[in-house]
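Hi,

Here is the structure I promised to pass on to you. My notes on it follow below; have a look at it first, then read on.

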Amino acid sequence: MQFDAEKSIPATLIAGDGIGPEIVEATITVLDALNAPFAWETHKAGMSGLEALGDPLPQITLDSIRRTRLALKGPLTTPVGGGYRSSNVRLREEFQLYANVRRARTLLPGGRYEDIDVVLVRENLEGLYVGFEHYIPIGNDPHAVAIGSGVNTRAGCRRIAEYAFEYAVRNGRKKVTIVHKANILKALTGLFLETAREVGKHYEGRVKMDDRIVDACAMQLVLNPWQFDVIVTTNLFGDILSDEMAGLVGGLGMAPAANIGVDAAIFEAVHGSAPDLAGKGVANPLALLLAAAMMLDHVDRNDLAQLLRKAIDQTLNEDKVRTGDLGGTASTTEFVQAVVRRIEADRKLMMS
Ligand code: NAD
């Protein structure tokens, strides 16, 4: 492990599968140009973990994250149908990654909406995703009735609401909107609404609070997304709304995610391993680069995160360097070189 004054924050690096190694390498090149303070411990997970060590989530990888409490992760392939359980879900459970944070921000003007900047804080461990499901057979039909239960705890609701309001304070955000369905799921999401409102009262005068029923929120995100600042919601609603929000700013290709937990924080791109593009050198590294910016915020290096976001904006909008998925012709390497040039130019400007 590298450990010196500059690289003083140990962090686990997982290249992942498919395009993972390409976009992770690209991101590390940019982080090196920024002089980011991470001392990387490199490990495997997903298909490459299975192939190299016989386990899609090897013990050595888990031990590293337990030690560093911080990870940057490329996408991991999960076999559909049979095969092993998603390593992403296992990581979430293992490290109690209770908050999934996704920021949807306009990077490319000229889309359907301009100047969007909304953050969604999704509860990641409870709700309808706990998987308490079963069938009741009737006659010859073993699946005649399907039953699923959700679980929300007051402690879990409080924890995610506190995270959202604290996030708002730390990041200069003005308002938190609590999204629920308490008119119908009165217990499950009623508890969420009640608890989040209690938490919000402690932030009176610092962060405004309002609430929306999820279906109305989904519509209003399309009609007038600028009314939202930070949204906090339960697991299933958060899953759906965060994809909707990514759609407002051009899709999953530019969407980063932070998974924040009691025991660790893991940063990743929202997209998957894109096996159709693997090895071709054309994958867009933007989502992972933006995840790295969130990781820099997390370790209180907002200065470097801002520098990175600015360099990305300049590369896309002034230099017009873009990968194929954004209508450009740049390879992964060409895009990264353009971002690095911007970072270096900014550095020179700051030192002169
Ligand atoms: P995907 O996100 O990998 O790909 C969907 C489409 O988007 C493809 O056409 C792909 O080429 C394109 N795409 C994705 N990322 C891109 C990028 N950076 N640049 C340019 N184009 C990009 O989704 P999928 O095909 O449904 O899933 C593939 C694998 O990834 C599956 O095994 C799935 O389980 C896994 N997955 C992992 C994660 C994760 O690790 N967080 C998330 C989603 C899916």
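R122 counts as buried because its relative accessibility is 4%, where buried means under 20% relative accessible area, exposed over 50%, and partly exposed in between (1.4 Å probe, protein chains only). The residue sits in strand β5, which covers residues 117–123; strands (E, at least two residues) and helices (H or I, at least four) are DSSP runs, numbered from the N terminus. Leaving out neighbours within four places in sequence, R122 is in contact with R92, Y98, A99, N100, Y129, I160, T233, T234, N235, G238 and D239, contact meaning heavy atoms within 4.5 Å.

Before you go further, please note that this is a predicted model: local features need pLDDT of at least 70, side-chain atom pairs count only at pLDDT 80 or more, and totals for chains, interfaces and linings use all residues. Residues are numbered from 1 along each chain as its sequence is written, and side-chain values use heavy atoms, with hydrogens and water left out.

What surrounds the ligand? There are 19 residues around the ligand, and the closest are L76, G272, A274, D276 and N284; a residue is counted here if one of its heavy atoms lies within 4 Å of the molecule. This shell divides into eight nonpolar, seven polar and four charged residues.

- D276 places a polar side-chain atom 2.8 Å from a ligand oxygen atom.
- T78 has a polar backbone atom 2.9 Å from an oxygen atom of the ligand.
- N284 has a polar backbone atom 2.8 Å from a nitrogen atom of the ligand.

On its own the ligand has 820 Å² of accessible area, of which the protein covers 64%; the areas come from the Shrake-Rupley method with a 1.4 Å probe.

How many aromatic pairs does the structure hold? It holds five, counting rings of Phe, Tyr and Trp (its six-membered ring) whose centres lie within 6.5 Å, with planes under 30 degrees apart called stacked, over 60 edge-to-face and the rest tilted. The pair of F38 and W40 is tilted, because the ring planes stand at 45°, with the centres 5.2 Å apart. Both F38 and W40 are buried. Ring pairs also join Y98, Y163 and Y167 into a cluster.

Two backbone angles deserve a look. Most residues other than glycine have a negative phi. R69, which is not a glycine, has a positive phi of about 60°. R69 belongs to the loop between α3 (59–68) and β3 (70–73) and is partly exposed at 45% relative accessibility. D115, also a residue other than glycine, has a positive phi near 55°. D115 is in the loop between β4 (99–105) and β5, and is exposed, with a relative accessible area of 63%.

Finally, two C-alpha distances. M350, in helix α11 (residues 332–351), is 51 Å from A182, at 168 residues apart in sequence.

Best wishes

Terms used
Polar contact = N/O pair within 3.5 Å; in protein donor to acceptor, adjacent residues only side chain to side chain. Nonpolar A, V, L, I, M, F, W, Y, C, P; charged D, E, K, R; others polar.
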